[in-house]
Amino acid sequence: MSSEAIVDLPEDLKKLVFEEFGETVESIQSALESLRAKLPEAIPAGLLEKFDQTDENLLRFLRGKKFRVEKTIDVIHNYIKFRDQHPDWFTVTKEEVELFMNLIKVSPTLDTNLRRTVMIIPCAGLGHASDEFLREHPQALTRFRMWLFD
């Protein structure tokens with residue numbers, strides 16, 4: 001995907017990301033190239049293969065570190081290691097998905113910026129989780145948070 005497509009933002013957001021991050025099409029392209037060149041040197045191949053290296057995903061990490069490539073590499077490395085060391089946190093069962101779906105409500109309409117609203121309602125969903133279920137799936141709520149924000 002080209003960098004132009006990634007920064008296909010409304011003008012007010014383009015201005016904001018430029019002011020906050022110095023983000024331009026050129027800076028995105030430069031940071032992505034630098035990150036792609038340095039990742040194989042910094043992260044073992046077996047781990048790197050498990051990581052989504054699309055422009056969109058790399059840009060998420062770059063923005064999180066305000067386009068500082070070295071800090072971004074550290075975060076990506078820690079992210080990949082954590083997922084590799086704790087795969088059970090990122091694997092959910094059918095029962096957990098059913099519970100998770102009771103914790104989330106998605107608005108049927110779009111807001112004024114053409115976005116869907118997703119509401120997390122933990123108290124409503126927890127009523128569907130029996131004590132027995134929570135004993136059998138002690139990490140269910142932790143996995144829910146990981147699943148939701150991954």
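Visitor: Which helix gives the largest share of the lining of the largest pocket?

Guide: In this predicted model, the largest pocket holds about 160 Å³ of space. Its lining consists of 10 residues, and Lys50, Phe51, Tyr79, Ile80 and Arg83 lie nearest the centre. The largest share of that lining, four residues, is supplied by residues 69-85, that is, by helix α6.

Visitor: How many residues of the lining of the largest pocket are charged?

Guide: Classes are assigned by residue type, with Asp, Glu, Lys and Arg counted as charged. Lys50 and Arg83, among the residues nearest the pocket centre, therefore belong to the charged class. The lining also includes four nonpolar residues and one polar residue, and the number of charged residues is five.

Visitor: Which element gives the largest share of the largest nonpolar core?

Guide: The largest nonpolar core has 18 residues, of which Leu35, Leu39 and Ile76 touch the most other members. Two or more residues come from each of α3 (25-42), α4 (45-48), α5 (55-64) and α6. The largest share is five residues, and the element that gives it is α3.

Visitor: Which residues in α5 are buried?

Guide: A residue is counted as buried when its relative accessible area is under 20%. In α5, the buried residues are Asp55, Asn57, Leu58, Leu59, Phe61 and Leu62.

Visitor: Which residue just after α5 takes a positive phi?

Guide: The position in question follows directly on helix α5. Its phi is about 50°, and the residue is Lys66.

Visitor: What is the bridge partner of Val106 in β2?

Guide: The chain has 10 helices and two strands. Strand β1 (residues 104-110) pairs with strand β2 (residues 116-120) in the antiparallel sense, over four bridges. The two strands form a hairpin with five residues between them, and Leu114 in the turn has a positive phi of about 65°. Within this pairing, the partner of Val106 is Val118.

How values were computed:
Residues numbered from 1 in each chain as written. Predicted model: local features only at pLDDT ≥ 70, side-chain atom pairs only at ≥ 80, totals over all residues. Heavy atoms only, no water. 1 Å grid on protein atoms, 1.4 Å probe; cavity = no way out; pocket = protein on both sides within 12 Å on 5 of 7 lines; lining within 4 Å. Points joined across faces, edges and corners; volume = space filled by probe spheres on them. Core = buried A, V, L, I, M, F, W, Y, C linked by side-chain atoms within 4.5 Å. Buried < 20%, exposed > 50% of the residue type's maximum accessible area, 1.4 Å probe, protein only. Pairing = 2+ DSSP bridges.
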